[in-house]
Amino acid sequence: MINNDNLIHLNHLIKKLDDLIDIMIESTKHIIDTGNVNYELKNVLDKLDIIIDDLNDSDEKNRLETAKDHITYASVDILDDADIFYKINRLKIAKSILINIKSKNE
């Protein structure tokens, strides 16, 4: 079970991922500096680590680790436009996992 503080953090991370997905989609239409996106994704990963360390439920831990793996892949070589849609889909999967965990704990 996720405590209330971590639920608040999870909600913030979902919003952050949503914003970063929008920026990445926009970067496919226009030239946009996505360096800040990578920085923000690393912040999301750091906060996820804090939530994961605080959990006792191994199922939720595993699901959050899976979300973290998707975010990590998306943040590696973010400037490589060839895989940008694949990376966007990875972030959408991670966001869905976070939403599912949040809903289960509310």
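The model is predicted, so local features need pLDDT of at least 70 and side-chain atom pairs count only at pLDDT 80 or more, while totals for chains, interfaces and linings use all residues. Residues are numbered from 1 along each chain as its sequence is written, and side-chain values use heavy atoms, with hydrogens and water left out.

**The chain as a whole**

- The protein chain has four helices and zero strands, where helices (H or I, at least four residues) and strands (E, at least two) are DSSP runs numbered from the N terminus.
- Along the sequence, this gives the pattern α-α-α-α.
- The chain has 106 residues, and 42% of them count as buried; buried means under 20% relative accessible area, exposed over 50%, and partly exposed in between (1.4 Å probe, protein chains only).
- Contact means heavy atoms within 4.5 Å. Among contacts between residues at least 6 apart in sequence, 70% join residues at least 24 apart.

**Helix 3**

- Helix 3 covers residues 58-75, and its 18 residues should span 26 Å at 1.5 Å a residue, which agrees with the 25 Å between its end C-alpha atoms. The expected span is 1.5 Å times one less than the number of residues.
- The buried residues here are E60, R63, L64, A67, K68, H70, I71, A74 and S75.
- Seen down the axis of helix 3, these buried residues fall within an arc of 160°, so they line one face of the helix. The arc is that of the directions from the helix axis to the C-beta atoms.
- As background, an α-helix has 3.6 residues a turn, so residues three or four places apart point the same way.
- The buried residues of helix 3 pack against helix 1 (4-27), helix 2 (35-54) and helix 4 (84-105).
- At the start of helix 3, the backbone nitrogen of D59 lies within 2.8 Å of a side-chain oxygen of D57.

**I101, in helix 4**

- I101 sits in helix 4 and counts as buried, at 0% relative accessibility.
- Leaving aside residues up to four places away in sequence, I101 touches I2, L10, E60, R63 and L64.
- E60 is 41 residues from I101 in sequence, yet their C-alpha atoms are 7.1 Å apart in space.

**I21, in helix 1**

- I21 belongs to helix 1 and is buried, with a relative accessible area of 4%.
- Its contacts, not counting residues up to four places away in sequence, are I88, L91, K92 and K95.
- I21 and N89 are 68 residues apart along the chain, and 8.7 Å separates their C-alpha atoms.

Note on methods:
Polar contact = N/O pair within 3.5 Å; in protein donor to acceptor, adjacent residues only side chain to side chain.
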